[in-house]
Amino acid sequence: MSPLKRSNNIAARMGRWSATHRKTAIFGWLAFVIASVVLGGAVGTKYLEDSDLNVGEARTADRMIEEAGFNRAEEQAEFVLVQSRTLTTKDAAFREAVADVTRTLARHPKVQDLQSPLAPGNADQISADGRSAIVTFAPEGDYDAATAYIEEIEAAVDGVQQQHPGLYVDQSGSASTGKAVDEAFAGMLATAGMISIPLTLAILLVVFGSLVAATIPLLLAITAVFATTSLVALPSQIVPMDESVSEVILLIGLAVGVDYSLFYLRREREERAAGRSESAALEAAAATSGRAVLISGITVLIAMAGMFLSGDKVFMSFSIGTMLVVAVAMIGSLTVLPAMLSWLGDRVEKVRVPFLHRLRRTSGDGRVWGAILTPVLRRPVLSATAAAAVLVALTVPAFALNTAQTGLDDIAIEEIEPYKALVGAFPGGPDPAVVAIEAGDVRSNEVQEAITELRRRALASGQMNSPIDVETSADNTVATVAIPLDGNGSDEESKAALATLRDDLLPATVGRLDGVEYAVTGTTAAAEDWSAAMKRTAPLIFGFVLLFAFGLLLVSFRSVVIAAKAIVLNLLSVGAAYGLLVAVFQWGWGESLLGFESNGGITPWLPMFLFVILFGLSMDYHVFILSRIREAYDRGLGTEEAVAHGIKTTAGVVTSAATVMVAVFSVFALLPVIDMKEMGIGLAAAVLIDATIVRAVLLPATMKLLGDWNWYLPRRLEWLPKLEHEASAPAPEAPAQLAA
């Protein structure tokens, strides 16, 4: 057997060291994972506060309120809704139910500021038709303290409901609903994770036909996820994490961890099947697939880093989480994976699943994809035109993309139904717009007159409702005016009411006073300000990701054409995913199938999040395939032969990796929250499109058409470093393997 030329690229050196020091690499990885879990648990992850999420005018209002001593973060509001279809608050049975609720709550030691709708001056706690009334109270302590005992109060309220079966009596609020929804989401996401892991294992069993080989990529991905979920505690002390960061880490970590392992393991098995010794096969895999993993991982890291430019703390936390898990998975693939393969050798094929193993050996990925690739290369113009036409057609709906904030109606979980009933009876009441007014003395006559006029005009507008509550800070420098808006907080009615408040009412009242500053916050205001901020920063993020990805590919492949084409192909994949999202969710084509009701738009955070994630993930396949093509080209094959060889030899692993990703992402489409459905469908569709239409048709067709122009590099760029695209020559035992 011809000796393998020893590679000196970084990935090859890492693989060589790990194979030589496999005990150190394996036990070092286990020690790293355990240390990460212990360290992360000791430090504790710091999560974002509600006030950290807002930007623009809403954040200005939050700052004014906080600095004035209003501790809104510790204030919890609870509501008990008493409702009847036939009775009103004038009926004795209705009034007795309200009285029972009030007496029951008064007996609990943690209930504060109890307000009955039957008390004088509390008429605003009764709905306009008189068939609904709310008993309000504030549980003692902050959110964490309140959630520790809120179930005791809910149980007492349930007892009142049992005593009055003819009426609806139920509790909702910041602590009760918040805790129930958090637990429901945690359960759903845990279920999604429990489905994803065995589903991934099942796919890997089909791919490898043996339990040992199938388990290795999954174990690497899971340990990378565990380590990263704990490690985020460290950067969270500087940049607090969003509470959903663990789910993002699971989603991305499982996808890239399995992908990178597949790339590496399949190449090692392929080299071994070609007749190489175990050490030579591992060396070849490290020098080629290992290098592709390294380039791909760095590209993903660059794409994820783009989210920092948004200035949004949620995106920044997602960026940190995804960058960490990608880096950990990449390092694991380049160190512990070759150590495991060196230790196992051919035992990696142990515990074979008879039918699946025979199926894998006889299915012939190369033959299947060869049947697809042959006509593509025979008629490249027709193939490229047809593929581009399909992608453009899928992208066209994206130009009609609108964003729509997720509302209560978009969350189909039982735990939120009491809150929906409350909002239906008292629109805008539980979560009003809050106007912060700052002046030298907000108790002065002119400021008080302006606030009174603001209240009068708000109610006269027909877009705002009572109760309008006014509070003043202890030093009389800041007043807050809570104004319930029409709508559910995220619909067009609420947005129109907010625009009237900000653009018309406030400038005409408190805005006319000298030395007075004001700003509006609240759910509706925060959502509108966030959307406006994202529209400003999105071009910067897109430009950053595209520019740096182009530069990295240019250096990696020393070709302007390859780098530019990769950008275009990835944009087509993302555009097609956007178009499908618009058709399915904005136009409502998937309502009956996915069980949701379209709200006329896509959740605002998703387009930019999808772009960054998809651009990074699609680079995995592109770099892997191109590395194999360039490897064959550098070995002396012509462009067409190199393309055919690269596609055929990578098609199986790309298909397998894409299947894992599509399966994992699709699980999230089953969750009863439209945001999660959109994310799952968007990611799954883009990966599927990228791995089929783009990589199997458009990429080889365009490379065939361009010929040697694929490798064009202007003379003025010859100074770029030459990174190796090396691999072993075919083993003597299988001289035809390269051309297969």
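Which residues does S36 touch, not counting residues up to four places away in sequence? The answer is A227, S230 and L231. Keep in mind that you're looking at a predicted model. Here's a quick tour, from the whole protein down to a few single residues.

**The whole protein**

- The protein is built with 25 helices and eight strands.
- Its radius of gyration is 30 Å, which agrees with the value near 27 Å that a compact globule of 740 residues would have.
- Of the 740 residues, 56% count as buried.
- Take the contacts in the protein with a separation of 6 or more: 79% of them come from residues 24 or more positions apart.

**Surface and charge**

- The protein has an accessible surface of about 30400 Å², and carbon and sulfur atoms account for 60% of that.

**Helix 4 and its cover**

- Helix 4 takes in residues 92-106, so to speak a run of 15 residues.
- From its first C-alpha to its last, helix 4 reaches 21 Å, close to the 21 Å expected at 1.5 Å a residue.
- Its buried residues are F94, A97, V98, D100, V101, T102, T104 and L105.
- Strands make up part of what covers those buried residues, including strand 1 (78-83), strand 2 (111-115), strand 3 (132-139) and strand 4 (168-173).
- Helix 5 (143-163) is also among the elements covering the buried residues of helix 4.

- S36, the residue from the opening question, lies in helix 2, which covers residues 22-43.
- S36 counts as buried because its relative accessibility is 3%, under the 20% cut-off.
- S36 and A233 are 197 residues apart along the chain, yet their C-alpha atoms are separated by 9.5 Å.
- A384 sits in helix 16 (residues 380-395).
- With a relative accessible area of 10%, A384 is buried too.
- Leaving out residues up to four places away in sequence, A384 touches L698, A701, T702 and L705.
- One of those partners, A701, is 317 residues from A384 along the chain, with 5.5 Å between the two C-alpha atoms.

**Loop residues to look up**

- N476 belongs to the loop between strand 6 (469-472) and strand 7 (478-483).
- The phi of N476 is near 60°, a positive value in a residue other than glycine.
- Is N476 buried or partly exposed? Its relative accessibility is 27%, so N476 counts as partly exposed.
- R558 is in the loop between helix 20 (523-557) and helix 21 (560-586).
- R558 isn't a glycine either, but its phi is positive at about 50°.
- R558 counts as buried because its relative accessibility is 12%.
- S559 is found in that loop between helix 20 and helix 21 as well.
- At 0% relative accessibility, S559 counts as buried.
- What is S559 in contact with, leaving aside its neighbours within four places in sequence? The list is L554, N710, W711, Y712 and L713.

Methods
Residues are numbered from 1 along each chain as its sequence is written. This is a predicted model: local features need pLDDT of at least 70, side-chain atom pairs count only at pLDDT 80 or more; totals for chains, interfaces and linings use all residues. Side-chain values use heavy atoms; hydrogens and water are left out. Helices (H or I, at least four residues) and strands (E, at least two) are DSSP runs, numbered from the N terminus. The radius of gyration is taken over C-alpha atoms; the globule rule is 2.2 Å times the number of residues to the power 0.38. Buried means under 20% relative accessible area, exposed over 50%, partly exposed in between (1.4 Å probe, protein chains only). Contact means heavy atoms within 4.5 Å. Accessible areas come from the Shrake-Rupley method with a 1.4 Å probe; for residues, only the protein chains shown count as cover. The expected span of a helix is 1.5 Å times one less than its number of residues.
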